[in-house]
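Welcome, and thanks for taking a look at this protein. The report below walks through its ring pairs, one of its helices and a few backbone details.

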Amino acid sequence: MVQFCCKSGDKPFDIVKLKRRRRAADESPETSIQMLRSLRVKRSLQSFVINRKISHFDHTLEPLSSFRTAKTPQINLIRHFSSSSPPPPTPPPLSAASSTSKELRRYLGYSALLLSCAVATYYSFPFPENAKHKKAQLFRYAPLPDDLHTVANWSGTHEVQTRVFHQPETLEELETIVKDANEKKQKIRPVGSGLSPNGIGLARGGMVNLALLDKVLEVNKEKKTVRVQAGIRVQQLVDAIKDYGITLQNFASIREQQIGGIVQVGAHGTGAKLPPIDEQVISMKLVTPGKGTIEISKDKDPELFYLARCGLGAFGVVAEVTLQCVERQELVEHTFVSNLTEIKKNHKKVLNDNKHVKYLYIPYTDTVVVVTCNPVSKWRGPPKFKPKYTFDEALQPVRDLYKESLEKYKRQPLTTSSKDENDPKLTDLTFTELRDKLLSLDPLNKDHVKTINEAEAKFWKMSEGYRVGWSDEILGFDCGGQQWVSETCFPAGTLSKPNMKDLKFIEEVIELIEKEEIPAPSPIEQRWTGSSKSAMSPASSSSNDDIFSWVGIIMYLPTSDARQRKQITEKFFHYRNLTQTRLWNQYSAYEHWAKIEVPKDKGELAALQARLKARFPVDAFNKARKELDPNRILSNAMVEKMFPIDDVTSS
């Protein structure tokens, strides 16, 4: 209903008074004409015909007598003068024939609309050429076109569809792809193995993947260096160079990353005496849109080298990498259970005495799992230790809890012998697989998660002991199934003088979890590294003595149910945001580039941009982007939002 408002200074009309005037007008024709004439003149003077000749009023009021003689209701005239909406006039009676005709026209219109929508939907669906002759079937999705690629990260948390997905097999082919894309201003975001939880390599506009550029090009046994194509996976590389007696200095938790990707996002292993993985890079070959193929190192264009070494794929496609390796060694892994009180007493000694060390905190318990790794002593050899429990015995409490939980939640239990080949037996499930199945029963129930954590604490207590193996075998870690992760990096003093803020940070996280009753699964993982000279590394520092702590919080996605995954996602981001608002600024903590999530809220995005600019050389980063990638074909929405470039300035 349209409403009309009085102009400024007018008093609003009273609907009751108007009705009384109407009744008086019906009883006295002359009074009615005078009243309507005065109202019309008043409103006309105020709104429509100011400064017009008086003769105009006589002309416009002539129809009033005809309205009165025709007995037409006056409400239409009065309604235009009212400040509020009076009741609508009573319409004249319609004949049965006209009513039927109107209804018929209405339903015919609806039918035509539905038919047109159906036709538009049918012809808009992307049928491939070989399916266009087929009849459309109701309530079935049309097949996707053959050239549409769906690319998702390992956790299934980010996914894009694109028609542009290149996989070159030679350096020359890669150079041609980059050159053509730059001329067409076509996006070709470099993407590796897709293991980053935040999907930093994904781009709807187009991607380039180097999985087919995976060769070892040169090995220098004396200098312990290796030159490889950037698409080679970590495990491939380690297997290829082990016969030369060398290996990588450090490893992340998993081995499936491409070398180009693991370097560009600033990935890390653990060990306060060891830097992040990007520090192993001594030279790189980049295929850039703006300057073609360039080679950089600490001796050749060092400023760009230290900026691009952890460059997020924004400067060029990393085609080749030369790595500084170390002598291949066997390591002794020691796993034991402690608590935070004991950890505080020995923390400095643990960091200094062990080449690799990490702590695994189990929420809602006082358990801290300590894992250290050191080279096997050439004099003493590996330790002689017989574990108290076998692996099956250590896992039995978790299996028992799973059986009890299935009964509680009335689910079909797994038997020890499976009828279906594809259905795993209970005894075949690993610890992380059992944990995922337990969590899937009720992932956001704090008490249920707490019970699972308590069972995990028992498992680790019964798994104490030693393990001996090569570094690439020992330093890996089973991270579990699909998950949301937030990992932050912050300074923790020096190796000779740790500031103990790393443990204080953990205490505050645990306190927050318990106070907010967050259904936080295990573990909260804490690792350490030395500093990096790479300007964009979260552990960047000009001092070689600085150490950094990396803390990861987690929530698993143990189900394929979209609704449940959404609920877990919302709860995780609540958990993450609590740590962000209460701890990050206090500890100068910044997220891992492969785990940072860009906010949708404009205010939060502006705050993130300000934080990044305070920590990293953003201006130098963007300047290099303009020179090497002037059309920004290598970036995606995430890079553009974190590091916006003014188009006017860049042009």
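Predicted model: local features only at pLDDT ≥ 70, side-chain atom pairs only at ≥ 80, totals over all residues.

## Ground rules

Residues are numbered from 1 along each chain as its sequence is written, and side-chain values use heavy atoms, with hydrogens and water left out.

## Charges and rings

A search of the whole structure turns up 19 aromatic pairs. Rings of Phe, Tyr and Trp (its six-membered ring) pair if their centres lie within 6.5 Å; planes under 30 degrees apart count as stacked, over 60 as edge-to-face and the rest as tilted. Phe385 and Tyr466 have ring centres 5.3 Å apart and planes at 70 degrees, so this pair is edge-to-face. Phe385 lies in the loop between strand S15 (368-375) and helix H12 (391-408), and Tyr466 in strand S16 (residues 465-470), so the pair ties together parts that are 81 residues apart in sequence. Phe385 is partly exposed, at 42% relative accessible area, and Tyr466 is partly exposed too, at 38%.

## The protein as a whole

The protein has 21 helices and 20 strands; helices (H or I, at least four residues) and strands (E, at least two) are DSSP runs, numbered from the N terminus. Of its 651 residues, 46% count as buried. Buried means under 20% relative accessible area, exposed over 50%, and partly exposed in between (1.4 Å probe, protein chains only).

Among contacts (heavy atoms within 4.5 Å) with a separation of 6 or more, 70% come from residues 24 or more positions apart.

## Helix H12

H12 has 18 residues and reaches 26 Å from its first C-alpha to its last, close to the 26 Å expected at 1.5 Å a residue; the expected span is 1.5 Å times one less than the number of residues. A kink of about 35 degrees is centred on Pro397, where the bend is the angle between axes fitted to the seven residues ending there and the seven starting there.

Buried residues of H12 include Ala394, Leu395, Val398 and Tyr402. Their cover includes helix H13 (431-441) and helix H14 (446-462). Just after H12, Lys410 takes a positive phi of about 55 degrees.

## Other backbone details

Lys185, not a glycine, has a positive phi of about 55 degrees and is exposed, with a relative accessible area of 61%. Leu312 has a positive phi near 60 degrees, yet counts as buried at 3% relative accessibility.

A cis peptide bond joins Ser522 and Pro523, with omega about 0 degrees. Pro523 is in the loop between helix H16 (501-516) and strand S18 (524-530).
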